[in-house]
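Let's walk through this protein together, one region at a time. Keep the picture open as you read.

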Amino acid sequence: MVLPALALTIMATKLYVDPQGNDAAQGTASQPLKTFEGAQLAARKLHGNRVTVVFAAGVYRLDKLIVLGPEDSGMQFIASKGAKVILSGADTFQPKWQPAEGKIVRCAVPKGFDADQIYINGEKKTLARYPNKDASIRIFNGYAKDAISPDRVATWKDPAGGYFHAMHAYMWGGFQFRILGKDASGKLRMEGGWQNNRQADPHPEYRYVEGIREELDAPGEWFLDRKEGALYYYPEPGESLNAPVEGALLKGLIEFNGAKEVTLSGFTFQRTARTFMETKEPLLRSDWTIYRGGAALFTNSKDCTIEDSTFEDIGGNAVFVSGKNKAISIRRCLIKNIGASGVAFVGDPKAVRNPLFEYNQNQSFASLDKTPGPKTDDYPTDCRVEDCIITHIGETEKQATGVEISMSRRITVKNCSIYHVPRAGINIGDHCWGGHVIQDCDVFDTVLETGDHGAFNSWGRDRYWALTDVDMNKGEHPELALLDAVEPNYLLHNRWQCFHGWDIDLDDGSSNYVIRDNLCLNGGIKNREGFSRLVENNIMVGNSFHPHVWFLNSGDVFRKNIVFEPYKPIQVPKPWGREVDHNFLVGGSAKSLSDLSGRDEHSGGGDAMFVDPRKGDYGVRAASPVFKLGFKNFAMNSFGVRAPWLRAIVLAPTFASNERVASEVESAEWLGAKVKNLVQPEELSATGLGEGLGVYVSEVKVGSPAALLGLRAVDVILAVNDVSVRSVGTLTKQTSVKSLKIWRNQQAKTLRSSAPSPGE
């Protein structure tokens with residue numbers, strides 16, 4: 001774009017933009033520019049001035065990604081006071097609807113209109129799918145076991161361009177596949193399944209398809225026939241069809257690339273295309289793969305800010321901070337209706353020493369680079385997400401979270417309200433390189449569609465973990481855990497709630513944490529493996545502490561906490577950790593705790609004397625016995641967002657019943673082993689399997705037939721004599737055992753009998 005000579009002479013510090021303006025204008029309040037790009041180019045001509053670009057209300061439709069680079073440093077792009085300024089990735093056209101068949105109508109679309117999100121009368125419509133969308137159904141808003149059954153596929157003439165979605169077999173996120181067509185035998189040809197880094201089959205039941213012409217059968221559904229160049233739509237009852245059609249085309253709206261001290265304030269970022277088929281890059285031995293993109297993308301930038309803004313109807317990530325960035329701030333923002341994650345901070349693997357990318361990969365102590373910390377500075381550091389609502393994210397991608405932190409350092413998440421999410425509210429994928437602070441947040445209604453996870457989740461599968469020649473179960477080389485986790489992570493004064501896992505889930509080697517003054521409303525706190533965790537002065541409503549598979553010499557400390565149930569350990573040698581003491585069991589006695597931990601010499605139990613649990617106030621009264629144990633009250637009314645405009649719309653968790661929702665447990669004795677249905681969160685975590693995928697073995701008597709078969713505690717029985725076993729009732733019918741398929745150490749294994757079983 002070439003600016004007129006007159007515009008080049010402007011030396012004012014403000015430029016004005018209006019959708020009704022003209023990019024050939026001077027950029028004054030009375031002669032505004034028209035587009036973001038035009039304003040950006042005009043501002044660059046004022047090099048040396050700290051230019052503020054002021055946008056009037058309206059929709060600014062972008063036809064390409066706006067890139068803010070070094071030459072834009074120091075600029076401010078702001079919405080005029082009280083104006084709703086929308087940056088949209090959607091294009092529009094005025095349809096000429098004609099009857100198609102039944103209640104379905106069709107219209108021709110402009111050339112190049114290749115949208116996978118459609119808006120009519122300002123509302124997002126549903127891409128034709130099976131089963132039909134039902135908002136009352138928790139998982140996928142509807143799922144069907146026969147989504148790609150041969151009988152159903154046979155009804156599709158040409159399914160190419162459609163998608164198959166499924167949960168991970170163990171409910172660790174999900175998968176997506178693009179349908180390429182059918183082969184000569186009528187079987188679907190597909191590509192995809194790379195959206196999850198923990199390999200598994202698609203879930204056998206939780207699945208659906210979309211983008212299939214024959215599945216256009218419900219009001220509000222649409223289908224785009226790209227070969228024909230036509231859009232088909234099933235109108236909702238009484239719906240007007242006079243409005244333009246919008247289709248999300250751009251994958252991203254704004255990229256900060258090499259920018260410094262650039263601020264965007266007061267914008268609404270809206271309507272970008274979905275990116276789930278580009279979610280391919282694996283993170284470090286994480287369950288995640290990622291796409292380095294979002295409505296706003298930061299690369300190699302410093303001291304840049306997005307504030308007082310809204311991200312809505314975004315097809316992929318809302319904000320992605322990729323690689324080397326410093327002091328990026330996202331503050332006072334509303335992030336809602338997002339296809340993938342809310343805000344992600346992800347460094348470059350080249351900054352990592354001894355990086356591994358798949359869960360089952362490992363390395364040796366001898367080959368390990370033992371230099372602490374990062375190798376390069378290619379990672380986000382000293383960044384913040386503050387005073388934000390993040391809700392209804394992961395609408396397409398289920399391995400998604402409100403805030404993702406991976407290969408980063410000193411990320412602060414403060415005063416955020418994160419709720420209604422399919423998986424974690426906040427996830428730390430590794431401990432490269434710590435220093436993160438999660439404080440004053442309100443995180444609830446989490447893990448709504450998946451399982452074996454937490455409102456807060458972390459992994460510590462760093463270079464020290466699962467070395468081939470070091471046995472940390474025997475306490476060897478605990479110092480290695482701090483090679484990557486060089487600074488502690490802090491979880492300070494947050495409120496957490498999870499109904500399909502733990503409120504705080506420190507999983508697989510998570511190390512170097514300080515967890516203090518947290519109110520856990522349902523799922524308790526879990527520490528699995530790892531080293532150097534301090535858990536102090538927390539309240540676990542309706543639940544307890546879940547120590548799992550601890551290493552010797554862990555150095556863990558659990559003190560001055562209030563629990564509602566006795567601890568729930570799995571494979572933790574006594575006595576536990578470095579210190580477990582001065583804790584309080586509501587309605588119970590200290591002996592219930594000390595019998596489990598081998599510690600708790602000074603712990604107590606009884607009535608904690610909470611102030612008002614029905615209203616969520618778990619502060620304790622002055623006469624409470626917990627004060628004698630060193631517990632200190634913490635504020636119960638300062639979780640979550642603070643900005644008035646956000647507080648006016650934010651939700652809070654419910655407190656009517658903070659008792660944990662427990663699955664029904666069926667148990668029995670089988671061949672001298674104690675077995676139970678695989679449903680409890682601690683057992684799902686210890687085994688790494690999804691609910692209902694086998695029968696959990698809690699104990700095996702020495703010399704019993706089960707022991708002679710080679711069965712061990714914490715095994716999961718998957719099949720007997722090649723007959724699938726999903727419940728205790730099915731297992732106990734099997735008395736003659738030739739072969740036993742089990743799950744052990746997160747791998748399948750077959751045990752074979754060398755002698756007749758009882759009953760033969």
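For residues 755-760, how many contacts beyond four places in sequence does the model have? The model has nine of them, and pLDDT stays under 50 over that stretch. Here pLDDT is the predictor's confidence in each residue, from 0 to 100, and contact means heavy atoms within 4.5 Å.

Residues are numbered from 1 along each chain as its sequence is written, and side-chain values use heavy atoms, with hydrogens and water left out.

How confident is the prediction? The protein averages a pLDDT of 93, and 95% of the residues score at least 70. Residues 1-12 have a pLDDT below 50, with 22 contacts in the model beyond near neighbours in sequence. Where pLDDT is low, the predicted coordinates should not be read in detail.

Next, find the open sheet of five strands, ordered 13-17-14-15-16 with antiparallel pairing. Strand 13 (129-130) and strand 16 (188-192) stand at its edges with a single partner strand each, so one side of each has no neighbour in the sheet. Strands are DSSP runs (E, at least two residues), numbered from the N terminus, and two of them pair if DSSP finds at least two bridges between them. Strand 15 (residues 174-182) pairs with strand 16 in the antiparallel sense over five bridges. Look for phenylalanine 177, whose bridge partner in strand 16 is glycine 192.

Now move to tryptophan 288, in the loop between strand 24 (281-282) and strand 25 (289-290). Is tryptophan 288 buried or exposed? Tryptophan 288 is buried, with a relative accessible area of 4%; buried means under 20%, exposed over 50%, and partly exposed in between (1.4 Å probe, protein chains only). Leaving aside neighbours within four places in sequence, its contacts include Asn197, Gln399 and Trp459. Asparagine 197 is 91 residues away from tryptophan 288 in sequence, yet their C-alpha atoms are 5.1 Å apart in space.

Finally, look at the cysteines. The structure holds zero disulfides, a disulfide being a pair of cysteine sulfur atoms within 2.5 Å. Cysteine 304 is buried at 0% relative accessibility, and its sulfur is 10 Å from the closest cysteine sulfur, in cysteine 383, which is too far for a bond. Cysteine 520 is in no disulfide, with the nearest cysteine sulfur, that of cysteine 498, 11 Å away. Cysteine 520 is buried too, with a relative accessible area of 0%.

Definitions and conventions
This is a predicted model: local features need pLDDT of at least 70, side-chain atom pairs count only at pLDDT 80 or more; totals for chains, interfaces and linings use all residues. Helices (H or I, at least four residues) and strands (E, at least two) are DSSP runs, numbered from the N terminus.
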